Amino acid sequence: MSALVWTLLIPAVGAVLLALLPSQRLGALVNVVLSAAGLAAALYLAWTVLDGGEVGGGQFYVDAFNVYLIALTALVGLSTALFSRPYMTHEAAIGRITPLRMRLYHASFQGFLFTMLLALSTNNLGVLWVALEGATLATVLLVSLYRTPESVEAAWKYFILCGVGIAQALFGTVLLYFAAARVIGQPEQALLWSVLHAHAGQLEPAVMAIAFVFLLVGYGTKVGLVPLHNWLPDAHSEGPTPMSAVLSGLLLNVALYAVVRVKMLTDGALAAGVGHTPQLAGHLMMGFGLLSFIVAGLFLHRQRDIKRLFSYSSIEHMGLMTFAFGVGGPLATFGALLHMTVHSLTKSALFITVGHASQVAGTQAIDRIRGLIRTQPTVGWGLLVGSVAIAGFPPFGVFTSEFLLLTATMQSWPWLTVPLLLGLAIAFAGLFRHLQPMVFGEPPPGQLPIATSLAPVAVHLGLVLWLGLAIPGFLARWFDQATRLITGSGLL
Amino acid sequence: MSGYLQLPLLEQAILTLAALVLVSSFALLAQSRVVATIHVFAWQGVLLALTTALVASDSGLYHLYLSAALTLVLKALFIPWLLVRQARRLGILRDFDAVLRPGVTLLAAGAVVIFCYAVAQPVERFSRTLTHDAIALSLAVVMLGMLMLVTRRKAITQVVGFMALENGLFFAAVTATHGMPMVVELGIAFDVLVAAIIFGIFFFHIRDSIDTLDVDQLNRLSESDR
């Protein structure tokens, strides 16, 4: 329990501390130190949970499923903090940002990490909603950090669309509570996920079905599911790049986590009810997921902004994961969990390199970024290797998880493998038609290397490569425990 | 509403107030003056607080009195005060925000209410008249808030729409389930408060970047070719 307290306390206190700290240089350093401490606490928590089973049961509940996301969140938080130090110093040096806004940035960064960790570790579905809305509030002022008309527009869109979207999720939560209050005596217990899960079979299926639709639409907006995705490319492209890295690497995962948690409850209720489609939740997720996957793949082709390009790639991958969780079954779920991990590692690494690439070129426009590999080989190669990994080439981990997903689909929905393969090909082509000239082309005269921090990129891509070559035994058992929790039966 | 007259007097009063909340949503939708919109919104907050207090005395759940007080302070006083203050500082308090095709908008709103009753139909089978109507009505308030968001052009009236939507959610929680657990309710109130303050800051960002508060002008980012 103490590990959990530390995991939550460090970013919460950190946000306040950084808001009060006037020095920019010190702020960046403290941000890194806090994130490192947070990672240590999260790893300790993970070790406790894997060793001795789930922690908590009151307002907090950590099992194998969310603890791995907590560890992942803390890891991506640390590497992004490491990257943001030189990146934001450069932004301040070229005068895009004032000291006061830098303070806002650092405080919001830790605040955002806190909301993510709270959303993951809470047992109360109401608090989960509060934390996800809190994540929007913590990041919305960062999207408009540069105060350009575009960034203000992106932030406004992000605020309104996510606010309205997530309001649907609150309505779903109220309906869920309505169904639960009829079964569970104490009102204080009726929103606790572990209690609800134990009583899932008794929940009124008609209400649960409506509640799930609202929850899927609400949290689905945050996952970036088509057609609720409009905010995502804007928010990713206009804010500072470290923000894009954590939005893509963390926020989308946590929103999907919320959907999966309520799906588990809905499945339990519908399976017990008579006269309902027990697979309703799964089918809805498959539909939304597949649509997002295909549409985002097509949109990759017409992007002109490098950060928009990779944010569409995030929508595509989130669609794939939603689809996989919808298919259900141990194999698909194992694949989806693995895909969540490798996607957030690869995508945050990619956004880090993209941030450096756009600083080298001085622009985010794809057709003006040229010849990275000649100007600064580390950035060029980072971008190339990262894109190869995200496109699902062997031997990287994304290939492994996508292969598992395809196998699972072939088992249960053979004809759906066709659109899946087609979508993968479309997305691959969409990425590489833009990537090739950016990496290999002729650099414009006067393009100079900049100070970078590519160690996190190397670590992330190294991990993804490792996961692709051989998943270490303890990690496989970890995923298997989570799979068992979600589907009832393990893979190993 | 067939069982309306069989209900105890207190529940009849709750239902009547619930209907008035919906009426105030219609009023919001049709109102074109900025200052009047904010005033209607404040009255909606008052109605909401009253409903909550009545539900509290009907159910004997005392924590609901706290929610009622919280609503009164936040939704009926603080947020309207903040909005009026920002509107005055921006000099748009007396402006008009013309409603796009008011007739069509109100007809659409009527259709939305019917749709919400249809959605709430499955709940009816195992609940009392009060809950069924309350879920339908609160869903309607949520949907009308969304309708207001899409039919308005000024940032400030869009924010009122957003907050009215939030009112609908709160209303659902109070009438259908006698409120949420306290920790959740406090969390939601905190989020709404922070959101209101950030919106207040945003008005200035928008005006500084595009010299107007018509969010129509926020149209640089899109996927269509220009």
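The radius of gyration used here is taken over C-alpha atoms, and the globule rule it is compared with is 2.2 Å times the number of residues to the power 0.38. The structure is a predicted model.

## Chain A as a whole

For the 492 residues of chain A, the rule gives a radius of gyration near 23 Å for a compact globule; chain A has 21 Å, so the two agree. Along the principal axes, the C-alpha atoms of chain A fill a box of roughly 70 × 55 × 45 Å. The secondary structure of chain A comprises 19 helices and two strands.

Of the 492 residues in chain A, 64% are buried. Among contacts in chain A with a separation of 6 or more, 79% are between residues 24 or more positions apart.

Two packed helices are described by the angle between their axes and the distance between the axes. In chain A, helix α1 (residues 2-20) packs against helix α2 (residues 24-52) at an angle of about 170°, and their axes are 8 Å apart. Angles over 145 degrees count as roughly antiparallel, and α1(A) and α2(A) are therefore roughly antiparallel to each other. The crossing of α1(A) past α2(A) is left-handed.

On the α1(A) side, the residues that meet α2(A) are A:Ala3, A:Leu4, A:Trp6, A:Thr7, A:Ile10, A:Pro11, A:Gly14, A:Leu17 and A:Leu18. Their counterparts in α2(A) include A:Gly27, A:Val30, A:Leu34, A:Gly38, A:Tyr44, A:Leu45 and A:Thr48. By class, the contact of α1(A) with α2(A) has 14 nonpolar residues, six polar and no charged.

A:Leu331 is in helix α13 (residues 329-361) of chain A. A residue is buried if 20 or more other C-beta atoms lie within 10 Å of its own; A:Leu331 has 21 such neighbours and so counts as buried. Apart from neighbours within four places in sequence, A:Leu331 is in contact with A:Leu404, A:Thr407, A:Ala408, A:Gln411 and A:Leu491. By contrast, A:Tyr219 lies 112 residues from A:Leu331 along the chain, and their C-alpha atoms are separated by 24 Å.

## Backbone exceptions

Most residues other than glycine have a negative phi, and most peptide bonds are trans.

| Feature | Residues | Angle | Location |
|---|---|---|---|
| Cis peptide bond | A:Val226 to A:Pro227 | omega about 10° | A:Pro227 in the loop between α8 (205-223) and α9 (231-238) of chain A |
| Cis peptide bond | A:Pro394 to A:Pro395 | omega near 10° | A:Pro395 in the loop between α15 (377-390) and α16 (397-412) of chain A |
| Positive phi | A:Arg147 | phi about 60° | loop between α5 (125-143) and α6 (149-181) of chain A |

B:His178 has 22 C-beta neighbours inside 10 Å, so B:His178 counts as buried.

## The side of chain B that touches chain A

Between the two chains, 37 residues of chain B are in contact with 37 residues of chain A. On the side of chain B that touches chain A, at least two residues each come from α5 (121-124), α6 (129-151), α7 (155-177) and α8 (182-210) of chain B. The largest share, 13 residues, is supplied by α8(B). This side of chain B divides into 28 nonpolar, five polar and four charged residues.

## A buried isoleucine in chain B

Helix α6 of chain B contains B:Ile135. B:Ile135 has 28 C-beta neighbours inside 10 Å and therefore counts as buried. Leaving aside neighbours within four places in sequence, the contacts of B:Ile135 are B:Ala120, B:Val123, B:Ala172 and B:Ala176. B:Phe171 is 36 residues from B:Ile135 in sequence, with the two C-alpha atoms 8.7 Å apart in space.

How values were computed: Residues are numbered from 1 along each chain as its sequence is written. Chains are lettered from A and ligands numbered from 1 in the order in which they are written. This is a predicted model: local features need pLDDT of at least 70, side-chain atom pairs count only at pLDDT 80 or more; totals for chains, interfaces and linings use all residues. Axes are lines fitted to C-alpha atoms, for helices over the stretch in contact, and angles run from 0 to 180 degrees between N-to-C directions. Helices (H or I, at least four residues) and strands (E, at least two) are DSSP runs, numbered from the N terminus. Angles under 35 degrees count as roughly parallel, over 145 as roughly antiparallel, 65 to 115 as roughly perpendicular and the rest as oblique. A crossing is left-handed if the near helix is turned anticlockwise from the far one by less than a right angle, and right-handed if clockwise. Two residues are in contact if their C-beta atoms, placed from the backbone, lie within 7 Å. Ala, Val, Leu, Ile, Met, Phe, Trp, Tyr, Cys and Pro count as nonpolar, Asp, Glu, Lys and Arg as charged, and the others, Gly among them, as polar. A residue is buried if 20 or more other C-beta atoms lie within 10 Å of its own, exposed if 12 or fewer, and partly exposed in between; C-beta atoms are placed from the backbone.
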